[in-house]
Amino acid sequence: MSKNAELVRIFVSIGDLLDLIGEERFKPEAYRRAARSLESLGEDIQKVSDRGGLDDIPGVGEAIAEKIREYLGTGKIAYYDRLRAQVPPGLLTLMQIPGVGPKTTRRFWIELQVEEPRGLSQAIAEGRLTGMPGFGPRKIEILTEGLKGLGAAPGGAGERHPVVVAWELAERVASDLRRAAPVKELVIAGSLRRARETIGDIDLLATSSEPEKVFDAFSHLDGIREVRLRGETKETVLFDPGIQIDLRVVAPESYGAALQYFTGSKDHNIRLRTLARDRGLKINEYGVMRGDTRIAGLTEEEVYAALDLPFIPAEIRENRGEIEAALERRVPPLVELPQVTCDLHLHWEDPAKELPGPWIDAAHALGLRHLGVVLPESDGAREMARGLRTRWREADPRSTVGLLVGLERPEGTGPVLPEGFDYLALAAGPGDPPPIEPPGPVPLFVGHLPPPGQEPRHRWIAWAQREKVGLELTPDPTAEGLDSGDAQRVVAGEGRLFVTSAARRPAELHRIELAVRLARRGWVPPGAVGNTRDPGTPSASPAARRRPRARRGRAPGTRRS
DNA sequence: GCCGTTTTCGGCCCGACTGTTTTCAGTCG
């Protein structure tokens, strides 16, 4: 586990422990807020500490910064150890039961001397909960069920899913529900709209004048495993394969306020509501209120405008400086899908059999003018590239979508482009980057980066930045490209990146939209994205493409100082 | 414990849902 993740775990634990010993509620919340901040930090906490940046992290003040430094220096936090010594560890497990929070757990501990799950089971069996104020038959039933589910619960709370999995499920469910229910708007909200790299649960927002009918339809969609909760404005269900979806339905006039609220993040909203209150306003999911008068709520733009703020793109709403930037009118323009002209990372599983037609159609639908198929280096790769071009011309005689063929070379072979290919796709690896010069204007990107938090990853990213080699940003987790935090640093260092779908089938080409959202999450402007320009422009002349200059005076494999 | 476009002290977002209650506490997001 990375140091960031370990600190998140510790601060969440400290929050729980403080709740259990009965500390006033704002202190535990402060530790949780700090944990949330670290979770979305996107940079190695050691690096932040080394450059003296801990104080800049929202929710980290003097005391918590000192505890972070203590952890980085010694691997321990004495305060945390002292708290743990005061509280039986089994109580933290009890608090994981759905519907059981700190207050309830504390009552088990103080009133029943129960310190762990087995003790609670026993207390229930002996009837010791019966007659306790607040514990009716239904509550005891829920506790019994919750105790059973305490072990490894697949699909349970806390499990996170890769954003691409959640996004494709959400799109499918949304499209099913649009057909099945009387909804006016139906959109994805929550952390999925913010394009977090991993998703806990999916939030959908609908507007309708007949919420009952919407919930009825939602309850009967394909793929539903269980309806967990249903009220007048929201319903929570568990979908296959174990992803929870929350659907909220509001009246059309509240669409903007509700979308703003349900998109989050929590800390962004708290900042916004605090700002509102300072100005004599109140924000909730139904609108912006001045006294009893609703002054905004139809659109998100209206909500921000009511606070004298420009619109803040969903992907950067993390309370990581976006509100300050908005107050000072310096939120940069972020890259948008229509600006992207090509996708340079397609896998064509079986070029001998598969037809180009569906790829061309998918490219049209997304407004892409070029598609780049990446072939792994092999003896037959050049022949395969030639065959691809011929069949592409036959399928698209008017050349509405251009075909580019890239060659993927394994780590360490260096960016020398053989005849018959348009660009190189260089795979990174556990070792060091190649000590050679990239071939001029030829697009080139690096996938398969070493895992986050490991030093070789930083070396590859630094190398690419220095050499102006484009780095790949894709939602496909198997491609091991940049994440949005990397992207933000790459752009800050004036590096360049490429958004790609890494699609294996035409139906996956739309993942480039998700790649764009991830880039936006990293505050990436259009100018920093290599494939917002057309690669077929004369700047990449055939000569430049075929004859990269090799760097002299250094043998392959030599390290750069 | 954090934080400041009234503040270095005195506040700390806001509402839905549930179970157990005759008006609310706890939990959750």
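A salt bridge is taken here as a side-chain nitrogen of Lys or Arg within 4 Å of a carboxyl oxygen of Asp or Glu. By this criterion Asp-267 forms a salt bridge with Arg-36 in the predicted model, the closest N and O atoms being 2.8 Å apart. Across the interface of domain 1 and domain 3, the rule finds 1 salt bridge. Asp-267 and Arg-36 also belong to a network of salt bridges that includes Asp-16, Asp-19, Glu-29 and Arg-32.

Chain A is divided into four parts: domain 1 (3–148), domain 2 (161–250), domain 3 (254–327) and domain 4 (337–545). The chain contains 22 helices and 17 strands. Of its 561 residues, 50% count as buried. Among contacts with a separation of 6 or more, 64% are accounted for by residues 24 or more positions apart.

The C-alpha centres of domain 1 and domain 3 are separated by 30 Å. Their contact draws on 6 residues from domain 1 and 5 residues from domain 3. Together the two domains bury about 460 Å², with 41% of this area on carbon and sulfur atoms. On the side of domain 1, Arg-36, Ser-40 and Pro-58 supply 78% of the area buried against domain 3, more than any other three residues. Between the two domains, 2 residue pairs are in polar contact. The side of domain 1 that touches domain 3 comprises 2 nonpolar, 1 polar and 3 charged residues.

Side chains of opposite charge can pair when their charged atoms come close. The salt-bridge count comes to 40. One of these joins Glu-111 and Arg-107, with an N to O distance of 2.9 Å. Glu-111 and Arg-107 are 4 residues apart in helix H7 (residues 102–112), and therefore about one helical turn separates them. Glu-111 is partly exposed at 42% relative accessibility, and Arg-107 is partly exposed at 25%. The side chains of Arg-517 and Glu-513 meet in a salt bridge at 3.4 Å, N to O. Arg-517 has a relative accessible area of 23% and is partly exposed; Glu-513, at 25%, is also classed as partly exposed.

The salt bridge between Asp-240 and Arg-225 has its closest N and O atoms 2.8 Å apart. This pair links distant parts of the chain, 15 residues apart: Asp-240 lies in the loop between strand E6 (234–239) and strand E7 (243–250), whereas Arg-225 lies in strand E5 (residues 224–230). Asp-240 is partly exposed, with a relative accessible area of 38%, and Arg-225 is partly exposed at 45%.

Helix H21 is largely enclosed by the rest of the structure, because 9 of its 11 residues are buried. The buried residues of H21 are Arg-511, Ile-512, Leu-514, Ala-515, Val-516, Leu-518, Ala-519, Arg-520 and Arg-521. These residues pack against helix H10 (163–180), strand E11 (342–346), helix H17 (357–366), strand E16 (470–473), helix H20 (484–492) and E17. The loop between strand E17 (497–499) and helix H21 (511–521) contains Glu-508. Glu-508 counts as buried because its relative accessibility is 9%, under the 20% cut-off. Leaving aside residues up to four places away in sequence, Glu-508 touches Ser-501 and Ala-503.

Most residues other than glycine have a negative phi, and most peptide bonds are trans. Ala-502, which is not a glycine, has a positive phi of about 55°. Ala-502 lies in the loop between E17 and H21 and is buried at 0% relative accessibility. Just after H21, Trp-523 takes a positive phi of about 55°. Ser-399 likewise has a positive phi of about 55° although it is not a glycine. Ser-399 is located in the loop between helix H18 (381–395) and strand E13 (402–409) and is exposed, with a relative accessible area of 54%. A cis peptide bond joins Gly-264 and Ser-265, with omega about -5°. Ser-265 lies in the loop between helix H13 (255–263) and helix H14 (266–278).

Conventions. Residues are numbered from 1 along each chain as its sequence is written. Chains are lettered from A and ligands numbered from 1 in the order in which they are written. This is a predicted model: local features need pLDDT of at least 70, side-chain atom pairs count only at pLDDT 80 or more; totals for chains, interfaces and linings use all residues. Side-chain values use heavy atoms; hydrogens and water are left out. Domain bounds come from an automatic or database domain assignment. Contact means heavy atoms within 4.5 Å. Buried area is the accessible area (1.4 Å probe) that two parts lose on being put together, summed over both. A polar contact is a pair of N or O atoms within 3.5 Å; within protein, one must be able to donate a hydrogen and the other to accept it, and residues adjacent in sequence count only if both atoms are side-chain atoms. Ala, Val, Leu, Ile, Met, Phe, Trp, Tyr, Cys and Pro count as nonpolar, Asp, Glu, Lys and Arg as charged, and the others, Gly among them, as polar. Helices (H or I, at least four residues) and strands (E, at least two) are DSSP runs, numbered from the N terminus. Buried means under 20% relative accessible area, exposed over 50%, partly exposed in between (1.4 Å probe, protein chains only).
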